[in-house]
Amino acid sequence: MLSLNDSDFQRLVRFVHQNYGIDLSKKKQLIMGRLSNTIVSLGFDDFEHYVDHLIRTQKPEDIELLINKLTTNYTYFMREKEHFDFFTETILPYLLSTKKNRVLSIWSAGCSSGEEPYTLSMILKEALGSQAALWDTRILATDISQNVLNQASNAIYEEEGLKALPAGWKNKYFRKTDQPGMYTVSPQIRSNVIFRTFNLMDPIKFRLKFDVIFCRNVMIYFDQPTKNALVNRFYNATNPGGYLLIGHSENLNKSEISYRYIKPAIYRKQ
């Protein structure tokens, strides 16, 4: 394993935090453990020259490799089911009764390999039934990693990751592939999700404001000021009465954000 001196460690920490919001200030051993072999495979003899190259060139493929190595894209269908229950039982009835233009604006921010937005798309299909064609319910799904977005667009998943879905949904919304134990999402669900690359540190300038923002298990990598700034950008991009849902393992400082706390991991704009 390559050694990482304090100077190179601090340079890497500053670069990643300033550009991508990720706090690596207490992750020195993790960086050394997860990056040493990668750095050697890229042709560098030490961290110094690797960090020099990373900061000087800022090549997207190098940045993506770095972030993928240092973060975890672990997810599955219906993860943190309480959120989907609240969306189904509380948020969706409110939106369907108030959105006279029949446009729902939903953002899966940090969508990883696509399970979250596809789950939302299935819930919408279940709720709207034969009326689905009368509504614009396309979900914006973004992630900083093009690699996981490619996986999401391919929409092929192991059967194990589907086990938490309600009874009948696997047969209704998935198709078996030629690979044993692998399933693909049906076209009607896939077509309702739009995947885009987006860095959550960038200004939020989408065409519409959002009725619901899911940003779950992303901010675990951010320090408190970064989380506060991001959540306030989310607030400005949320319609009045809209919701923000975060991961159950994440915490927000209620006194420093504008959303109203509803229940654990669920916030609302007045």
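## Rings, cores and charges

Tyr118 and Tyr157 are both buried, where buried stands for under 20% relative accessible area, exposed for over 50% and partly exposed for in between, with a 1.4 Å probe and protein chains only. This is a predicted model, so local features need pLDDT of at least 70 and side-chain atom pairs count only at pLDDT 80 or more, while totals for chains, interfaces and linings use all residues. Residues are numbered from 1 along each chain as its sequence is written, and side-chain values use heavy atoms, leaving out hydrogens and water.

Now for the rings. Phe, Tyr and Trp rings (six-membered ring for Trp) pair if their centres lie within 6.5 Å; planes under 30 degrees apart are stacked, over 60 edge-to-face, and the rest tilted. That rule gives 18 aromatic pairs. In one of them, Trp107 and Phe234 have ring centres 5.4 Å apart and planes at 85°, so the pair is edge-to-face. Trp107 is in strand S1 and Phe234 in helix H10, so this pair ties together parts 127 residues apart in sequence. (Helices are DSSP runs of H or I with at least four residues, strands are E runs with at least two, numbered from the N terminus.) Tyr118 and Tyr157 also pair edge-to-face, at 6.3 Å centre to centre and 80° between the planes. Ring pairs link Phe77, Tyr118, Tyr157, Phe174 and Phe195 into a cluster.

Trp107 and Phe234 turn up again in the largest nonpolar core, which has 47 residues; both are among those with the most contacts inside it. Such a core is a set of buried Ala, Val, Leu, Ile, Met, Phe, Trp, Tyr and Cys residues joined through side-chain atoms within 4.5 Å. Helix H1 supplies the largest share, 6 residues. Another core, of 40 residues, lies apart from it and includes Tyr118 and Phe174.

On to charges. A salt bridge puts a side-chain nitrogen of Lys or Arg within 4 Å of a carboxyl oxygen of Asp or Glu, and the count comes to 11. Here are some of them:

| Salt bridge | Closest N to O |
|---|---|
| Arg11 and Asp52 | 2.7 Å |
| Glu116 and Arg216 | 2.7 Å |

Glu116 and Arg216 are both buried. Arg11, by contrast, is partly exposed at 22% relative accessible area, and Asp52 is partly exposed at 29%. Arg11 sits in helix H1 and Asp52 in helix H3, so their bridge ties together parts 41 residues apart in sequence.
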